[in-house]
Amino acid sequence: MCTSVFLKLALWRRAVILFVSLLIFALPARADGALVIDIDGPIGPAMADHVTRGFEEAAKRNADLIIIRIDTPGGLVSSTRDIIKTILAADRPVVGYVAPSGARAASAGAYILLACHVAVMAPGTNVGSATPVMMGGMPGSPAPGEGAEKQADHPDMMDKVLNDARAYMRSLAEMRGRPAGPAERFVSEADNLTASEAFESGVIDLVARDMRDMMKKLEGREVTVDQSPQLLATDRLTVETLDRSWREDFLAFITNPNIAYLLLMVGVYGLIIEFSNPGLGAPGIVGGVCLIIGLYALQMLPVNYAGLALMALGLGLMIAEAFVPAFGALGIGGVASFVIGSIMLIDSDIPEFSLSPLLIGTVSVLTAGLFLFVLTFAVRAWRRPAVSGNDALVGDLAEVLSWTDGAGTVRAHGEVWSARGPEGAKPGDHLTVHAIDGLTLDLGSPKESNAKEASADD
């Protein structure tokens, strides 16, 4: 019946109905949900990649709300700024939630929390300690409470880093309508606040026991998104957590500085073994793959290229020690250069992004042993006189078979050779092979030969 009624309508009315129907079907379906993105560890390239993918996924699902659940000791500045840029460019409300109880938003986590439209903490959590780690306890850094007046007298590079971090924290607080003073003290004094203290000072907006409690308290709250006020309707939203992809897990694994360092060394060792024994195949393939992955991981980390150059110099000096008799000077210098380069390799004072001293020591000892002992024995074997082939005849004895006027035939190593040598030689004499000229042996005198034979018998 509906079809017959539709057909009886005027043509222009049917066209309007079809157009409106198509427009309705083309509109994206409302998700009526919130997407949770977890920051639950040190913030590095893998974590930044995870957060970026989460915002892209929220856009695809048309999620009403993005919740960043924070529990982090801090991380790399570059990755932190990438995450904050993603938050500030969001086209939907973003809630930062420090949870569960016992979690923290330390260092980089404090910046991320203050960048969100709404900042929430669970009881038993804390936020702060956002002073750049390289500044702590270093000459030129201000004592707690001294502020910028102290720095103005003798500004240096550390002051520049500190002032940049203070201004960044202050700008984030002001952008979200929060007091800049307490937020700035996170940087200048490494201040820390509990959830209740942060709420009383206005640094955060809410204290919520759990996710459900937070969603109820967010209901009807007004936030500004893209310079437009928006009321949150969160009480009935479904909450879904974004899982990490295999790519993010793999990236997190290889960007661990200790893993990247091991991959780099396995790659170097594999290529050395392959070059020393051409044709093995497996060491070269494994070494090449590990070296490429290790270099890929290092380029995402704060690498000190002076440290990388010192490591390469150390390897070169240890190789030179095997070929040049320097009485250990090159080898000791190579080991020292390699160890210092390894310590300097990762340019970060964040514990989670620092190389393990035990790993550096172990790899350094193994590397020194490889180059100072294994390569030394290899070079000695290379320098040892040949024990097979024609070159092995030089210095050995040959038995005269026939001889006339300083030339004849001899037997050496079970083979009969043409030879030339002393005039007085006779069949049965043993002469020393001095050189090989094509297919002819140059022999020494019978006296020299007999003396060498006697010494050989002794």
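A: What follows looks at one helix and its surroundings. The model is predicted, so to speak of local features a pLDDT of at least 70 is needed, side-chain atom pairs count only at pLDDT 80 or more, and totals for chains, interfaces and linings use all residues. Residues are numbered from 1 along each chain as its sequence is written, and side-chain values use heavy atoms, with hydrogens and water left out.

The part in question is helix α3, residues 45-61, where a helix is a DSSP run of H or I with at least four residues, a strand is a run of E with at least two, and both are numbered from the N terminus. Helix α3 has 17 residues and spans 24 Å from its first C-alpha to its last, which is close to the 24 Å expected at 1.5 Å a residue; the expected span is 1.5 Å times one less than the number of residues.

The buried residues of α3 are Pro45, Ala46, Met47, Ala48, His50, Val51, Gly54, Phe55 and Ala58, with buried meaning under 20% relative accessible area, exposed over 50% and partly exposed in between, for a 1.4 Å probe and protein chains only. These buried residues pack against the strands β1 (33-39), β2 (65-70) and β3 (94-98), and also against the helices α4 (77-88) and α11 (246-254), where contact means heavy atoms within 4.5 Å.

After the helix comes Asn62, whose phi is positive, near 55°.

Elsewhere in the model, 3 strands form an open sheet in the order β4-β6-β7, with mixed pairing; two strands pair if DSSP finds at least two bridges between them. The edge strands are β4 (104-106) and β7 (192-194), each pairing on one side only. Strand β6 (residues 126-128) pairs with β4 in the parallel sense over 3 bridges, and Ala106 stands opposite Gly128 in β6.
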